[in-house]
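Dear colleague,

Please find below the structure that I am handing over to you. My findings follow after it.

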Amino acid sequence: MHQGRTTLSKFLIQQLQGSPEQNDLAALMVDIAACVKAISAMTSKGMLGDVLDSLDSTNVHGETQKKLDVLSNAVFINTFSMGGLVAGLASEEVDIPRYIDARDGKGRFLAIFDPLDGSSNIDVNVSVGSIFSVLRAPEGRTPKPEDYLRPGSEQLAAGYALYGPATMLVITVGKGTHGFTLDREVGNFILTHPNIEVPADTSEFAINASNERFWEPPIQRYVAECKAGKNDVRGRDFTMRWIASMVAEVHRILMRGGVFMYPRDMKDPGKPGRLRLMYEANPMTMVIEQAGGLGSTGRARILDVIPEDIHQRVPVILGSSNEVERIERYHRDYDSGTDQRYTSPLFQERSLFAN
Ligand code: F6P
């Protein structure tokens, strides 16, 4: 009945054959797929699974943990600890990286992950996801915290699982971005979305508009122009979406284009953004770039940011290339003072960003 369909394992054998590192990377992707199946089984039970409650504990960011956050984290940690492919791991839910004694002496990789992103959506039965990033571990020694602080351009693989009406796994090993759908009855991931391409143009943007008063002028300008629609500079009408679940947002952009923004803002001036570089921005940018889109802080390519801390935050602008390039241009205009609207005395008087 299922003959002729490409399973994840078959796909990985085709994409990653050759070197021992590639073989191990394929095996690690299979381990990650096993984690995703286990977490999918838990999330899909909803209230029946007794896993939705909040706990008394908080994670490193001070966010209240849900039972499902902790259980999903344990699924990844147990799988990686037993698998012999990972030398160390870092997670949103773990303060400092953990090192794993690879039993068979392999452990070529560092795994960095957000086990359940968007978990504040769990109560309301909106899609959530897991995000992962894979780096090369140092050879012949136990990894140290600084070994994780590599730019996203050095990721060997990245991807996410989306626990939506269907569970999907979207991965890249640096050879395009590919989507697999879980066939629950059989327990296999089947290649359903090969070589995903993000359209260069879009009329859809995603941002938490309640933060508008805290945004920097280039983002205020971009959103104002989108909202002004076809009778203004953009010459067309835009729609806005906000699911408050990064995985669902990025998935929509992969499927039909769009731009997702969680920019630098002045809500909490001590934080350069809300999203985390190592287990949100970097893996999602690799996935988007491998599908022809772009990922930027507004002022630099996300994958070129040199991390200073495993849990550091970063501004994120992700999606259709022409829109991301436009937003970068608006940042350059603002920084160089060539955008008249934002250098006029009138604007500066009103601006939250005026000195
Ligand atoms: O980082 C967690 C996250 O839930 C993302 O998945 C999502 O994009 C964002 O935070 C939502 O932020 P807000 O609560 O401001 O809507």
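In what follows, a residue is called buried when its relative accessible area is under 20%, exposed when it is over 50%, and partly exposed in between, using a 1.4 Å probe and protein chains only. By this criterion, 55% of the 355 residues of the protein are buried.

This is a predicted model, in which local features need pLDDT of at least 70 and side-chain atom pairs count only at pLDDT 80 or more, whereas totals for chains, interfaces and linings use all residues. Residues are numbered from 1 along each chain as its sequence is written, and side-chain values use heavy atoms, with hydrogens and water left out.

Overall form. The protein contains nine helices and 17 strands; these are DSSP runs numbered from the N terminus, with helices being H or I of at least four residues and strands E of at least two. The C-alpha trace spans about 65 × 45 × 45 Å along its principal axes. Among contacts (heavy atoms within 4.5 Å) between residues at least 6 apart in sequence, 65% join residues at least 24 apart.

Helix α6. After α6 comes glycine 292, which has a positive phi near 95°.

Yours sincerely,

A colleague
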